[in-house]
Amino acid sequence: MSSTAGGSSGGEIGPEPTEAVRVALVEALGTEEIDVVAGETGRMPDGQEVRAFYGVVRGEPNHGTSIAVDASGAVHPRRRLEALAGPGLFVPATAAPAAAPAVAAVEPVTVDPPTNTWVLPECVTEHETVTVQIPQSRIPPKADVYLLADTTFSMHDVISAVQSGIGAIVSDPAFAGFDLAWGAGNYKDFPVGPNPYAFQHQLAPTPGVADVNAAVAIWTASDGFDIPEGQLFALQQVATDPAIGWRTDSKRIVVWFGDAPGHDPVCSALSGVPDVTEGTATAALVAAGITLVAVSTNTGTADALDGDPTQFATDYGPCPVGGSAGQATRMTAATPGGTHTVGVDAAQIVNTLIPLINAAVHSIADVHLQPTGSIAQFVTSITPPSYGPLPGNTPHTLPFDVTWTGVVDCEEDEQTFTGTLDVIADGVVVATKPVTVTVPACRWHHSVEMICGTEKERDDCQTIVDGRYATAVTIYNPTTCAVTIVKYFAPLVLDGKPVGREPRTVRARPFAKLVLEPGTATMDDCCSLEEAIGHKGPDLDLGVLDIVADHPLEVTVTHTASGAGRAASSIDSRTIRPRMA
């Protein structure tokens, strides 16, 4: 196609379409019911100015095409001139990146207490408050931002504006000091054939601005046909395809802008993969830890990304028509720190994207504690589970209540477990504290009942019958090792009065510690109770003596009893079997 309509050779090309422009667009679209809009200007390699013009069928924002006009008024296929001059022919010049300011030193995120050393025998529970201090703007220093654009035909003005302003977007001085990487991709729709592709991944997150500038520069607004587009497929691919190239330990942000809702479902008959729905795409974004920042432009259908996907859905023949209005609002709300901005036009898009990306990079969507290493099994609760979203322009004091529980059986030797309690902010470790948990070696318990003193007839319930009682416990070390012994006593009857009758309980408390050399013996009797309970009267005392040792011992208990009036005396002796615990 090449035709000429008046115009002086070498002059500037005005924004008003000539009759030749209108005729060419009518011919290309097959209808006279079109609107014509002037597009961007560019220069050919010889310096000649050219301008793009867009024609859109009224009421069908994605049914359109574009042509180019040179300074003589001749009309050309746009792709022909782009083939001669390069794909950036009609891309406005991008703003020069602003100089990055000097990066001031920032305070680190801190954890209090900074370390932990726990001794946790089985079933023992300890509680602590872990306080995380986050100074102002001290957020994950590593972030990946993926720009995902609807590049169907109705988006041509917005795409041109973003191409013109991409330098300002990615070179925001607020990003100084960040390890920031930019990725890019764009989507159109199924079926592929009429559309060149449904989703095109162009750039894995890459530090610097040159690569993303180049990726955005080749976006071309074209095709799309019916109103709903293929963004659900695109979003799920961005979240799940390893080729996207998200960096390890980096905050993940997808900045998505478009002017129409997404087909739901994108069925496997069209895509060749399992059906994609709003639900599967949302779940994929959440599982990948992605913050979704959506911008609805006013260049297409009513409500744009939140529009009704069942309206004007005409070219998904084998797929059912489904979904409901509000996709972008629901999907962004499901992701940590996600937002949805509406009603943005081409003139506003750059100044809208800059603060939105700034806020997403600087804000903290989620902060939580994560135990690592072999100590993780001892952390049985963390309250609250997380904090967020949090603004990055203010300091934060975040207390977590952590419960540690002994969950490992003792063994013959002491066990040591190590690891860390990490502070995770948007998937990035921003602080850590080392933790050591010791599980003491098993001890040998020799538990015997001690019955001492006189029980007299009483009106209330008696624990044992009337009489006089005595207990002797012999302790012998048959080993070749010195054995450390700690003695515990739990009184259940004191001076004839029950103090530990169910439902009441009494805790056994240590009262003596000694080292028993190899081949030596010792003894506890009723006189020893004075040391255990602080006194010894004539009335009945009864309780449990627990002899805890680091090796098994030979322990024998002897009970002597005489009835009232010193009659019916008896003596009983037995060996205590040690238990390891």
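Tutor: Happy to! Cysteine 410 and cysteine 442 form a disulfide, with 1.8 Å between their sulfur atoms. Here a disulfide is a pair of cysteine sulfur atoms within 2.5 Å. Bear in mind that this is a predicted model, where local features need pLDDT of at least 70, side-chain atom pairs count only at pLDDT 80 or more, and totals for chains, interfaces and linings use all residues. Residues are numbered from 1 along each chain as its sequence is written, and side-chain values use heavy atoms, leaving out hydrogens and water.

Student: Where do cysteine 410 and cysteine 442 lie?

Tutor: Cysteine 410 is in the loop between strand 17 (396-405) and strand 18 (415-425), and cysteine 442 is in the loop between strand 19 (428-439) and strand 20 (444-455), so the pair ties together parts 32 residues apart in sequence. Helices (H or I, at least four residues) and strands (E, at least two) are DSSP runs, numbered from the N terminus.

Student: Is that disulfide left-handed or right-handed?

Tutor: The torsion about its S-S bond is about 100°, so the disulfide of cysteine 410 and cysteine 442 is right-handed.

Student: And cysteine 442, buried or exposed?

Tutor: Cysteine 442 has 4% relative accessibility, so it counts as buried. Buried means under 20% relative accessible area, exposed over 50%, and partly exposed in between (1.4 Å probe, protein chains only).

Student: How many disulfides does the count come to?

Tutor: The count comes to three disulfides. One of them joins cysteine 267 to cysteine 319, S to S 1.8 Å. Those two cysteines are 52 residues apart, in distant parts of the chain. With -80° about the S-S bond, the link of cysteine 267 and cysteine 319 is left-handed.

Student: What joins cysteine 452 to cysteine 526?

Tutor: A disulfide, with an S to S distance of 1.9 Å. Cysteine 452 sits in strand 20, while cysteine 526 is in the loop between strand 25 (521-525) and helix 10 (529-533), 74 residues apart. Both cysteine 452 and cysteine 526 are buried.

Student: What's the pairing if I number the bonded cysteines in sequence order?

Tutor: Numbered that way, the pairing is 1-2, 3-4, 5-6.
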